Amino acid sequence: MDNTEHRLLIIVGSVRDARFGPVVASWVAEQAAAHGGFEVDVVDLAEIDIPLALPAASPKYAGDDYPRPAGMAALTSALEGADAFIVVTPEYNHSYPASLKAAIDWHFTQWTAKPVAFVSYGGAAGGRHAVLHLENVLTELHAVTVRDGLAFPNYFTAWQDGRPLDAAAPGYAKTLLDQLSWWAGALRAAREAAPYPA
Ligand SMILES: Cc1cc2nc3c(=O)[nH]c(=O)nc-3n(C[C@H](O)[C@H](O)[C@H](O)COP(=O)(O)O)c2cc1C
């Protein structure tokens, strides 16, 4: 990996039975691999042990000693090693799924001074409420959210055979990935130059 290639982690945020999330994530991973600027990894929250009950201390201060379940180790090390994230999220009741909030809350420094982009889907709003909430939450963890995202309203008619029907979608994905790559390089250089003053 040279300094123009960044470690990208795509997070599948929904965990419910018969979910659509993996279909979207798989297409996003394909776009990211074709972009050429990333080493792409995908983590599916349905495969991770993410209890709702947190330990007494905050992960913000606990560092490596934070007592996470063994079944969360793959998620923690994937977050730790990533230079950039794409969160793939549906919209549940005008927000994002509880699985995603729990995964975020079990971590802190793993998000700090790193860029996050969003690909959302849902009913009429296409997950926009979910993304607005995520932008707010991730700012608290000192992550940098990327302006251009992809939103797929009424995904049940907008996708066919694992792909969006909108021919413009790969172009929007490229814009998102270009912005994410720029931020990943800028923030990795900044993290290497000096510790972030969180
Ligand atoms: C509990 C629940 C609440 C939902 N609320 C919304 C909503 O507020 N806005 C929306 O556009 N779609 C909503 N939907 C539709 C989902 O976005 C849609 O079912 C989507 O496929 C869910 O993602 P998933 O299949 O990956 O779980 C809701 C679905 C569920 C299960």
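**Ligand site and a helix pair**

Guide: Start with G21. One of its backbone N or O atoms lies 3.1 Å from an oxygen atom of the ligand. Keep in mind that this is a predicted model. H94 also takes part through its backbone: a polar atom there is 2.9 Å from an oxygen atom of the ligand. Y155 uses its side chain instead, with a polar atom 2.9 Å from a ligand oxygen. How much of the ligand's accessible area does the protein cover? The ligand has 620 Å² on its own, and the protein covers 75% of that.

Next, the helix pair. G21 returns here, as helix 1 spans residues 21–35. Its partner, helix 7, spans residues 169–193. The two axes come within 10 Å of each other. They cross at roughly 65 degrees. Is that crossing left-handed or right-handed? It is right-handed.

Which residues make the contact? Helix 1 brings W27, Q31, A32 and H35. From helix 7 they meet A169, P170, A173, K174, L177, D178 and S181. Sorted by class, this helix contact has six nonpolar residues, three polar and two charged. K174 and D178, both in helix 7, are among the residues that meet helix 1.

Conventions: Residues are numbered from 1 along each chain as its sequence is written. This is a predicted model: local features need pLDDT of at least 70, side-chain atom pairs count only at pLDDT 80 or more; totals for chains, interfaces and linings use all residues. Side-chain values use heavy atoms; hydrogens and water are left out. A polar contact is a pair of N or O atoms within 3.5 Å; within protein, one must be able to donate a hydrogen and the other to accept it, and residues adjacent in sequence count only if both atoms are side-chain atoms. Accessible areas come from the Shrake-Rupley method with a 1.4 Å probe; for residues, only the protein chains shown count as cover. Axes are lines fitted to C-alpha atoms, for helices over the stretch in contact, and angles run from 0 to 180 degrees between N-to-C directions. Helices (H or I, at least four residues) and strands (E, at least two) are DSSP runs, numbered from the N terminus. A crossing is left-handed if the near helix is turned anticlockwise from the far one by less than a right angle, and right-handed if clockwise. Contact means heavy atoms within 4.5 Å. Ala, Val, Leu, Ile, Met, Phe, Trp, Tyr, Cys and Pro count as nonpolar, Asp, Glu, Lys and Arg as charged, and the others, Gly among them, as polar.
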